[in-house]
Amino acid sequence: CGLRRMLTDDARSAVVLSIVGTAKPDFGGDPADGYAMTIPYAGSYPPPERKRPADQDQTTPWATDFPSYVCSIANIRLPRPSASRWAWAYRAKAFDTQIGGIRYARKATLADGVMRTVRIYKTLKPELSAADAGKANGMIDSFDNSMGEVFKRSAKSPPLDNGPSAAPVPPLSDIDATAEHTVCSFNN
């Protein structure tokens, strides 16, 4: 594993690190029941619950980590299934949601033996009003914090529902991370 390139783009306030490597995947399982692996960088933690002790001013806004923006892209080239009865599948439902002044998104594609995911985390404002913090607290339990998983299963099984289809995630070699509209852009 090694740094392939580091690109800074001052006009877009971006630092792009491209790391490429070869490693033995951390699959759990066995040949009889199949293999599974958590997809790196394919999940998000929900925002923290914002509560204050009763003796503090409950109307004071909450500071956020603004400005913050992270787009993580992972491409995993999967080994060919050892028998025709097995096929690769994944669980990583697409989502694009906003909770507590933070926008979270995930896209995933499994094509041509490569699992591709994009995870986006972006803080949208420098502070959160007490009312918005209360609304966000009420949404935390419904937040999808699943990590995403790729696994072998029977080739005869019906396709899994990974949510509404999103634009496919292109191979890393096709992504210009400093372009105006990329796979890291929302609504793409």
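Visitor: In this predicted model, does Asp96 count as buried, partly exposed or exposed, and at what relative accessibility?
Guide: Buried means under 20% relative accessible area and exposed means over 50%, with partly exposed in between. Asp96 falls in the partly exposed class, its relative accessibility being 39%.

Visitor: Which residue forms a salt bridge with Asp96?
Guide: Side chains of opposite charge can pair when their charged atoms come close. Here the closest N and O atoms are 2.9 Å apart, and the partner of Asp96 is Arg103.

Visitor: How many residues apart are Arg91 and Glu149, which form a salt bridge?
Guide: The closest N and O atoms of Arg91 and Glu149 are 2.9 Å apart. Arg91 lies in strand S7 and Glu149 in strand S12, so the pair links distant parts of the chain.

Visitor: Which residues join Asp132 in one salt-bridge network?
Guide: Asp132 and Lys135 both lie in helix H1, 3 residues apart, about one turn of the helix. Their side chains meet in a salt bridge at 3.9 Å, N to O. Asp132 is partly exposed at 26%, whereas Lys135 is exposed at 56%. Through salt bridges that share partners, Asp132 is joined with Lys135 and Lys125.

Visitor: Is Asn137 buried or exposed?
Guide: Asn137 is found in helix H1, residues 130-139. Leaving aside neighbours within four places in sequence, Asn137 is in contact with Pro48, Glu49, Arg50 and Lys51. Its relative accessible area is 18%, and the cut-off is under 20%, so Asn137 counts as buried.

Notes. Residues are numbered from 1 along each chain as its sequence is written. This is a predicted model: local features need pLDDT of at least 70, side-chain atom pairs count only at pLDDT 80 or more; totals for chains, interfaces and linings use all residues. Side-chain values use heavy atoms; hydrogens and water are left out. Helices (H or I, at least four residues) and strands (E, at least two) are DSSP runs, numbered from the N terminus. Buried means under 20% relative accessible area, exposed over 50%, partly exposed in between (1.4 Å probe, protein chains only). Contact means heavy atoms within 4.5 Å. A salt bridge is a side-chain nitrogen of Lys or Arg within 4 Å of a carboxyl oxygen of Asp or Glu.
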